[in-house]
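Please open the model in a viewer and follow the selections below in order. The tour begins at the ligand and then moves to a pocket.

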Amino acid sequence: MNATPLIDEPAPGTASTVTDGCHVLVDALKLNGVETIYGVVGIPITDVARVAQAEGLRYIGFRHESDAGHAAAAAGFLTKRPGFCLTVSAPGFLNGLVALANATTNCFPMVQISGSSERHIVDLQRGDYEEMDQLAAAKPFAKAAFRVNRVADIGLAVARAIRVASSGRPGGVYLDIPAAVLGEVVDADVAAVSPRTVVDAAPEQFPSPAAVDRAVSLLAGAERPLVVLGKGAAYAQADNTIRAFLESTGLPFLPMSMAKGLLPDTHPQSVAAARSMALRNADVVLLVGARLNWLLGHGEPPQWSPDVKFIQIDIDPGELDSNAPIAAPLVGDIGSVMAALTERSQRIDAPARWRGQLAERKARNAETMAKRLAADAQPMRFYGALRAIREVLHDRPDVYVVNEGANALDLTRNVIDMARPRHRLDSGTWGVMGIGMGYAIAAAVEGGGPVVAIEGDSAFGFSAMELETICRYRLPVVVVVLNNGGVYRGDGQNPASADPSPTTLMPAARHDRLIEAFGGTGYHVATPAELGAALTEALASGRPALIDCVIDPADGTESGHLTHLNPTGVTAPPELSSAPITKE
Ligand code: ADP
């Protein structure tokens with residue numbers, strides 16, 4: 001390909017055309033189909049963003065690097081191609097690193113490109129502007145980290161970053177480009193040979209026939225089989241193959257939170273509403289892109305039966321046996337493995353007795369949930385607010401739901417049904433706070449929106465300044481802040497002094513006024529009816545909006561469903577806690 005010239009073509013017989021590192025970088029990204037870069041500009045990468053824009057790439061400029069990084073990670077999850085994030089040296093780089101580490105933890109492909117300061121000064125620790133050995137700092141937090149020392153190597157570095165981020169278990173890759181390399185001027189013909197195309201970035205990986213037979217035999221002999229769909233299954237974009245396998249076998253399935261919508265939550269085979277019972281009683285479990293980590297109780301009692309046998313599909317052989325023993329490993333990409341399973345699935349079915357037991361529990365739990373949702377408490381509580389959101393979203397399966405918080409996360413996950421794959425993005429494997437606006441922006445940019453971000457008031461605070469980004473790019477994002485005035489809940493007491501308690505946030509804060517500062521539409525609501533009307537109007541407008549929902553400060557449980565993880569077990573006094581919440 002031809003490198004983009006930095007200066008006009010010279011007259012014949014004069015010096016050759018030259019270009020620089022910024023242009024070569026953009027050429028390499030373009031050649032590999034990168035369309036969008038998320039970032040925050042500053043020394044030394046501002047010109048990279050300018051050149052990218054001039055060359056037809058979209059640059060989305062954020063207010064904080066971790067939000068830009070989270071957007072790139074979400075783009076990776078949504079598109080199955082690495083999302084790109086651009087950061088400045090040292091502090092900007094470190095801000096972005098949180099998102100890179102989170103992407104790696106969640107198995108999302110992402111590349112963080114960071115400018116860095118002068119190598120010969122940094123390496124001798126002579127005290128440069130934003131001095132830091134960024135390559136060393138990034139290594140423990142990324143799947144891989146590379147530095148480019150010559151313009152001619154930029155194409156190789158970009159290709160390597162894309163390959164490593166996408167293939168095998170996807171993850172975050174760090175690419176360090178010192179300022180001197182970005183600014184280095186080289187002959188255009190030298191630069192032209194640098195960019196290269198990555199062919200088949202994540203090749204298919206087939207399981208062996210023996211491994212498939214082993215898994216089929218186990219499933220065929222099961223009395224209480226269960227399929228768990230994880231976000232790896234959503235990521236794999238093998239939607240039709242997974243659906244064909246489940247519907248041809250009739251097996252009950254349980255979606256992890258970001259796999260919701262892979263098959264609609266209303267699908268008769270979904271046992272999300274009987275989660276605890278299904279886990280406790282299943283005798284053979286097929287894990288599809290879901291790890292047996294803390295989110296699945298490490299595959300051990302009391303969440304699981306002591307005799308349960310696991311079949312695990314994963315692209316990463318090192319994942320197998322990382323917790324409970326895996327009786328039938330299926331190493332490969334989910335599309336290929338599920339296709340192979342479907343081919344030999346004639347012997348598999350779901351015993352009627354087991355299906356009946358699950359259906360009975362589902363019906364009972366659905367009744368309990370309906371009662372909780374119907375209760376019209378004043379002031380409004382989480383369930384009342386979520387009922388209103390659920391009713392509006394029921395008719396809008398196209399909406400991407402972004403969700404973070406403690407109670408706001410736990411309850412939304414259970415109440416809001418999803419109907420389409422990869423339409424729910426949440427706190428993920430770490431249960432991290434701060435992904436909200438970054439993920440919402442990526443969903444709007446990559447998926448075209450509309451997006452509804454359902455946020456606890458505390459969680460929202462981590463990325464709230466990105467409301468300006470949402471308004472600047474006129475993105476169809478509606479933020480719903482479930483505002484109970486605190487971390488977990490808003491009625492914390494400090495008996496020792498006049499300072500607010502550690503869990504108290506500003507009572508009666510008006511988050512709606514934040515978006516008004518940037519030209520978006522703010523709503524302030526106190527009842528489910530007002531919330532439903534505001535959400536309907538905001539979605540219909542297609543414009544940025546924020547709905548601040550007044551929630552009873554006494555509603556909410558400390559640490560949501562994770563109270564048991566507090567080291568001292570200390571939680572709000574029982575008389576202050578809301579009714580116990582079950583997972584089902
Ligand atoms: P959840 O939190 O939803 O349970 P996890 O993030 O724990 O999901 O698990 C996702 C798993 O999916 C990871 O172990 C990852 O290696 C695996 N994975 C990701 N993409 C693929 C793919 N294309 N094929 C097979 N496995 C995949």
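**The ligand and its shell**

Begin by selecting helix α11 (residues 231-235), which gives three residues, the largest share, to the shell around the ligand; helices (H or I, at least four residues) and strands (E, at least two) are DSSP runs numbered from the N terminus. The model is predicted, so local features need pLDDT of at least 70 and side-chain atom pairs pLDDT 80 or more, while totals for chains, interfaces and linings use all residues. Residues are numbered from 1 along each chain as its sequence is written, and side-chain values use heavy atoms, without hydrogens and water.

Next, select Arg 169, Lys 231, Arg 291, Asp 314 and Ile 334, the nearest of the 19 residues around the ligand (a heavy atom within 4 Å of it). By class, this shell has eight nonpolar, six polar and five charged residues.

Now display the backbone at Lys 231, where an N or O atom lies 2.7 Å from a ligand oxygen atom. At Gly 289, a polar backbone atom is 3.2 Å from an oxygen atom of the ligand. At Ile 334, a backbone N or O atom lies 3.0 Å from a ligand nitrogen atom.

**The second largest pocket**

Then move to the second largest pocket, with about 420 Å³ of space. Select Asn 32, Gly 33, Val 34, Arg 81 and Pro 82, the closest to its centre of the 20 lining residues. A pocket is an open set of points on a 1 Å grid over the protein atoms alone, where a 1.4 Å probe fits, with protein on both sides within 12 Å along at least five of seven lines; lining residues have an atom within 4 Å of a point.

Note on methods: Points joined across faces, edges and corners; volume = space filled by probe spheres on them. Polar contact = N/O pair within 3.5 Å; in protein donor to acceptor, adjacent residues only side chain to side chain. Nonpolar A, V, L, I, M, F, W, Y, C, P; charged D, E, K, R; others polar.
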